[in-house]
Amino acid sequence: MKPFVVAFTTAAIVQLYKFFSHWAVNGRPLFARLIQTGGMPSSHSAAVAALSTTTFLMVGPRNPLFGVTLYLSLIVMYDAAGVRRAAGRQAAILNRMLEEHEDRELRERRLLELLGHTPFEVVVGAAIGVALALAWDAI
């Protein structure tokens with residue numbers, strides 16, 4: 001269970017960071033930031049990097065379990081910077097189109113735009129995940 005615990009804790013730490021940084025910048029808490037996707041850094045990337053790193057430290061690089069976690073991690077990070085980011089861009093365009101619609105109810109039904117990450121946000125998240133997994137292992 002250690003890899004799961006390290007990955008889950010890492011994701012929670014990153015989400016808490018995003019919550020408190022939003023609060024510090026905007027002067028008010030936004031509790032939705034605790035569960036929202038997107039933003040700097042990527043908590044998904046941090047979690048899967050922590051998962052892969054912990055698995056590597058426990059079983060070594062030649063164990064098939066490490067290969068599975070590494071492959072999963074790469075898919076999650078690619079998806080965060082690719083598919084989900086593209087969906088966020090499309091949501092932004094659709095929201096602009098809805099702003100011009102005559103129907104007030106449609107104008108108020110905004111789509112979530114902060115879905116994915118820039119490649120830099122993914123890399124920073126992954127670096128945090130590796131660092132936290134190494135720190136956990138050192139304790």
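Leaving aside its neighbours within four places in sequence, which residues is Leu34 in contact with? They are Gln15, Leu16 and Phe19, where contact means heavy atoms within 4.5 Å. This is a predicted model, in which local features need pLDDT of at least 70 and side-chain atom pairs count only at pLDDT 80 or more, while totals for chains, interfaces and linings use all residues. Residues are numbered from 1 along each chain as its sequence is written, and side-chain values use heavy atoms, with hydrogens and water left out.

Leu34 sits in the loop between α1 and α2; helices here are DSSP runs of H or I with at least four residues, numbered from the N terminus. The C-alpha atom of Leu34 is separated by 7.4 Å from that of Lys18, 16 residues apart along the chain. Leu34 has a relative accessible area of 32%, so it is partly exposed, a class that lies between buried (under 20%) and exposed (over 50%), judged with a 1.4 Å probe and protein chains only. Phe20, in helix α1 (residues 2–26), is also partly exposed, because its relative accessibility is 47%.

The next element is helix α2. Its 17 residues should span 24 Å at 1.5 Å a residue, and its end C-alpha atoms are 24 Å apart, which agrees; the expected span is 1.5 Å times one less than the number of residues. Twelve of the 17 residues of α2 are buried, among them Ser43, Leu51 and Thr55. The cover over these buried residues includes α1, α3 and α6.

Note on methods:
Helix = DSSP H or I, 4+ residues; strand = E, 2+ residues; numbered from the N terminus.
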